[in-house]
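This report goes through selected local features of one protein chain.

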Amino acid sequence: MRGLDESTDVFVRTGQKAQEQVRHAWDGFINFAARDNVLEVALGLIIANAFTKVVTSFVSDLVLPIVSLLPFLNRNMDEKFAVLSKGPNYDQQYGYNTLYQAREDGALVLAYGLFIETVINFMGVSLTLYAVGHLYMLVTHDKIIKPTVRCPYCKQYIGESALRCRHCSTWQDGREDEPRSDRSSRGELADAGSSLVGEAP
């Protein structure tokens with residue numbers, strides 16, 4: 001029964017190797033998922049998703065119904081649309097009552113109301129995030145919103161307090177506009193000053 005013993009031994013070794021590979025893959029997944037930055041990103045995404053839903057509900061359920069009371073709208077913003085191509089069941093007198101009815105009839109519509117609602121939602125989320133960022137800076141004194149300016153040479157955005165542009169490496173204090181001789185003399189003075197500092201006891 002030597003052949004049977006060898007087959008059993010091969011089967012056992014194959015099973016052990018597969019078990020080790022599964023354990024190694026599982027340990028790698030745990031090491032990846034349990035890292036601090038991954039957990040922070042996951043938590044941030046969950047909070048951002050919930051925050052977006054709250055702001056979207058605020059805009060859709062509170063702001064837009066009030067806007068829809070304007071005389072020239074006379075219906076909900078998301079139901080404002082223009083019929084570009086009529087469907088077979090189009091009512092010549094009353095038209096389509098809802099956007100859903102028009103699309104179900106196969107009409108080609110320009111749903112500008114939905115677009116306006118999406119833009120308002122975007123502006124609401126953006127302004128709310130901006131306000132939360134300023135509130136966070138006010139409480140923690142941590143500047144997470146950093147003002148930027150355009151580099152006068154490469155026209156790229158850099159930090160407002162940056163001394164040199166990180167794109168083109170030019171100085172932002174005006175020395176780039178000076179004649180080359182003045183810049184050379186300034187560099188020589190800086191080198192002389194550094195040498196004197198080095199020679200001081």
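The model discussed here is predicted.

Thr170 has a relative accessible area of 12%, and because buried means under 20%, Thr170 counts as buried. Its place is in the loop between β4 (157-159) and α5 (180-199). Apart from neighbours within four places in sequence, the residues in contact with Thr170 are Cys151, Tyr153, Leu163, Arg164, Cys165 and Glu176.

## Positive phi values

Ser169 is found in the loop between β4 and α5, the loop that also holds Thr170. Ser169 is not a glycine, yet its phi is positive, near 65°. With 41% relative accessibility, Ser169 is partly exposed, whereas Thr170 is buried.

His141 is another non-glycine residue with a positive phi, here about 60°. His141 lies in the loop between α4 and β3 (148-150). Its relative accessibility is 69%, so His141 counts as exposed.

Two elements, β2 (108-110) and α4 (112-140), each give two or more residues to the patch. The largest share comes from α4, with 7 residues.

## Aromatic pair

How many aromatic pairs does the count give? The count comes to 1 aromatic pair. This pair is formed by Tyr90 and Tyr96 and is edge-to-face, with 5.1 Å centre to centre and 65° between the planes. The edge-to-face label applies because planes over 60 degrees apart are classed that way.

The two partners fall into separate accessibility classes: Tyr90, at 22% relative accessibility, is partly exposed, while Tyr96, with a relative accessible area of 6%, is buried.

Methods: Residues are numbered from 1 along each chain as its sequence is written. This is a predicted model: local features need pLDDT of at least 70, side-chain atom pairs count only at pLDDT 80 or more; totals for chains, interfaces and linings use all residues. Side-chain values use heavy atoms; hydrogens and water are left out. Helices (H or I, at least four residues) and strands (E, at least two) are DSSP runs, numbered from the N terminus. Buried means under 20% relative accessible area, exposed over 50%, partly exposed in between (1.4 Å probe, protein chains only). Contact means heavy atoms within 4.5 Å. Rings of Phe, Tyr and Trp (its six-membered ring) pair if their centres lie within 6.5 Å; planes under 30 degrees apart count as stacked, over 60 as edge-to-face and the rest as tilted.
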